[in-house]
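Here is a short note for a colleague who is opening this structure for the first time. Please read the points with the sequence and the structure side by side.

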Amino acid sequence: MRPLVFAANWKMHVGPPEAREYLRAFFAAGEIPHERAVWFFPPAVSLEAVAQNVAGHRNVVAGAQDIYWEAKGAFTGAISAPLAAQAGARMTLIGHSERRHVFGETDEQTGEKLAAALAANLQPVLCVGETLAQREAGETTAVVTRQLVAAFAGHSGKRHVTIAYEPVWAIGTGRNATPKDAAEVHRAIRGWLKGNAPAVVPFVILYGGSVNLKNAAELLAEHELDGVLVGGASLDPRGWAQLVRTAVA
Ligand code: PEP
């Protein structure tokens, strides 16, 4: 069986007591299958509760949903990579489409954040993806490439980075990319990384956008997908426990 990653983005849901209760229900389904990894991205206030409650469970880690690029200082409301690491984060999302499109984060800022994550030994999960208008204009590869170029600008050292291909039109809409469409973009990302960021080892590419119990098996049967990043369908612990055990052909 090939290794697969199941990443849960709780967005602005699940406070600390709810997180503890969630994990109790999630782990009641048993340990994670050997070849699978589960990454939880809770809101910052719940990071420590999640990190503490996944400790000791094989292949399960906690990560931040976002970080600021400065390490410390007068940045009210922001969370730095070292602070997230202190709370128990092992990784962090960077450039999630809601950061880009709701909060106006730029490509250049994702580059700053990627560098800050690596400096604090947090594994970055860089999210890239096109809007519906960009897809319809045939600009998908150009947009994703632009996002990769900006994020990796100036970084040449050896490092572990995960990419999440998340078409904006598929996030939270109930409309997922087809396995074939996702695979096409994953191949383009793999090609770009091999040619332009060969020190990124190993690179795992996740698909995200309306993944759920109904479509996970079909999506994961496509070998270009190394796993999934899931929002809405990760909020129910029992459903998520089932999803991470999806049988894949
Ligand atoms: C996400 O938040 O990254 C995401 C993919 O959300 P959803 O699964 O709800 O589309």
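1. Phenylalanine 40 has alanine 62, in strand 3, as its bridge partner. Strand 2 covers residues 36-41 and strand 3 covers residues 60-64; the two pair in the parallel sense over three bridges. Please keep in mind that this is a predicted model.

2. As a general point, strands of a sheet pair through backbone hydrogen bonds, and the pairing is either parallel or antiparallel.

3. Turning to the ligand, which residues are the closest? They are Lys11, Glu166, Gly172, Ser210 and Gly231, out of 14 residues that surround the ligand. The shell divides into eight polar, four nonpolar and two charged residues.

4. Polar atoms of the protein lie by oxygen atoms of the ligand at several places. On the side-chain side, a polar atom of asparagine 9 is 3.0 Å from a ligand oxygen. On the backbone side, a polar atom of glycine 231 is 2.8 Å from an oxygen atom of the ligand, and for a polar backbone atom of glycine 232 the distance to a ligand oxygen is 2.9 Å.

5. How much of the ligand does the protein bury? The ligand taken alone exposes 290 Å², and 96% of that is buried by the protein.

Definitions and conventions
Residues are numbered from 1 along each chain as its sequence is written. This is a predicted model: local features need pLDDT of at least 70, side-chain atom pairs count only at pLDDT 80 or more; totals for chains, interfaces and linings use all residues. Side-chain values use heavy atoms; hydrogens and water are left out. A residue is near a molecule or strand if one of its heavy atoms lies within 4 Å of it. A polar contact is a pair of N or O atoms within 3.5 Å; within protein, one must be able to donate a hydrogen and the other to accept it, and residues adjacent in sequence count only if both atoms are side-chain atoms. Accessible areas come from the Shrake-Rupley method with a 1.4 Å probe; for residues, only the protein chains shown count as cover. Ala, Val, Leu, Ile, Met, Phe, Trp, Tyr, Cys and Pro count as nonpolar, Asp, Glu, Lys and Arg as charged, and the others, Gly among them, as polar. Two strands pair if DSSP finds at least two bridges between them. Helices (H or I, at least four residues) and strands (E, at least two) are DSSP runs, numbered from the N terminus.
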